[in-house]
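User: I have a new structure to look at and would like a short walk through it. Can we start with the overall layout and then go to the details?

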Amino acid sequence: MKKVLSLVLCMMMVLFAAAAFAAPATLESVKAKGELVIATSPDFPPFESLSGDGSVTGIEMDLAAAVAEKLGVKMKVEQVNFDSILLGVMNGSYDVGISGFSVTEERKKNVLFTNPYCLAAQAIVVAEGSPITGKADLADKLISVQTGTTAEVYCMQNNYQTESYTSNVDAELAVLSGTVDAWVIDDLTAAEMVATNNAKDGKKLVILPEAMTTEPYAFAFAKESGDLVETINGYIDELVKDGTVAGLFAKYNAPYTSPETAK
Ligand code: ARG
């Protein structure tokens, strides 16, 4: 019993030490370890989703690979619940959050965003036959959203009744089962998840033509990672300008909207 206890104590000390040494990434630290540690929530096709072999694939994983290559480092992908990513980046557990992060003023208080590489919108999804046809019909209705997302913030700030789910898959199931009346989710992910659902037998989903908001996507770093962000901004701008990013969207059959459209 004593042995087990001291073993547990030992392990706890190692864990504490590791946490104490974890520091936000810098250009130097990433180059020194030869690796960019990416936190992502792979429930967000076509940006990141799990492939059959358990690895994460999608537009952002390819984009991250292109950036890592330019940096001259390998990339390591950690699968993390969406609502825990930014905290983990801030405390140095991960170098960067790459998970369809929308740039917002609120998040900018805590993290440093790279330049954006695309523009997305928040779509409204309902079950086929629903009387909801647009934003105006959502008052008094229950909406599912993913915890920690801009969809959640937007709906709560605008006094919609929301039900938050850690995983996007559960937010989708909620609208399929009728637990909620609508689901608010980023447009390209909506398109892909709805298409996958509608290809199966059973209840069909519909994406409404009216979007809730538009938002640019970027990578999220800790405030201390300024030099790294500056370097990566150069790479991202280049990859947007030379058509690489548009090419990645085409590879995953998704329409591309340049971040310039927002300006
Ligand atoms: N764009 C939204 C946000 O920044 C949703 C991102 C969700 N990402 C994910 N991998 N599930 O909050």
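**Layout and details**

Analyst: The chain is divided into domain 1, made of 22-117 + 218-258, and domain 2, made of 121-214. Keep in mind that this is a predicted model.

User: How many Å separate the centres of the two domains?

Analyst: Taken over C-alpha atoms, the centres of domain 1 and domain 2 are 25 Å apart. Their contact takes 11 residues from domain 1 and 14 residues from domain 2.

User: Which elements give two or more residues to the domain 1 side?

Analyst: Those are β2 (43-44) and α4 (82-90). By class, the side of domain 1 that touches domain 2 has 5 nonpolar, 4 polar and 2 charged residues.

User: Now the ligand. Where does it lie?

Analyst: The ligand lies between the two domains, because domain 1 and domain 2 both give residues to the shell around it. That shell has 14 residues, and the closest are F44, S99, G100, S102 and T149.

User: What is the shell like by class?

Analyst: The shell around the ligand has 8 polar residues, along with 3 nonpolar and 3 charged ones.

User: Switching to helices. At what angle do α3 and α10 pack?

Analyst: Two packed helices are described by the angle between their axes and the distance between the axes. For α3 (residues 59-71) and α10 (residues 244-251), the angle is about 145° and the axes are 9 Å apart. The crossing of α3 and α10 is right-handed.

User: Which residues meet there?

Analyst: From α3 there are I59, D62, L63 and A66, and they meet T244, V245, L248 and F249 of α10. The residues of this contact divide into 6 nonpolar, 1 polar and 1 charged.

User: What about the backbone? Which peptide bond is cis?

Analyst: The bond from P45 to P46 is cis, with omega near 0°. P46 lies in the loop between β2 and β3 (48-50). For context, most peptide bonds are trans, and most residues other than glycine have a negative phi.

User: And which residue has a positive phi of about 70°?

Analyst: D140 does, although it is not a glycine. D140 is in the loop between β8 (118-127) and β9 (142-146).

User: Is D140 buried or exposed?

Analyst: D140 is exposed, as 8 other C-beta atoms lie within 10 Å.

User: Where is N253 placed, and what is its phi?

Analyst: N253 is in the segment after α10. Its phi is positive, about 55°, although N253 is not a glycine. N253 is exposed too, with 11 other C-beta atoms within 10 Å.

Definitions and conventions
Residues numbered from 1 in each chain as written. Predicted model: local features only at pLDDT ≥ 70, side-chain atom pairs only at ≥ 80, totals over all residues. Domains from an automatic or database assignment. Contact = placed C-beta atoms within 7 Å. Helix = DSSP H or I, 4+ residues; strand = E, 2+ residues; numbered from the N terminus. Nonpolar A, V, L, I, M, F, W, Y, C, P; charged D, E, K, R; others polar. Near = placed C-beta within 6 Å. Axes fitted to C-alpha atoms, helices over the stretch in contact; angles between N-to-C directions. Left-handed = near helix turned anticlockwise from the far one by under 90°. Buried ≥ 20, exposed ≤ 12 C-beta atoms within 10 Å, placed from the backbone.
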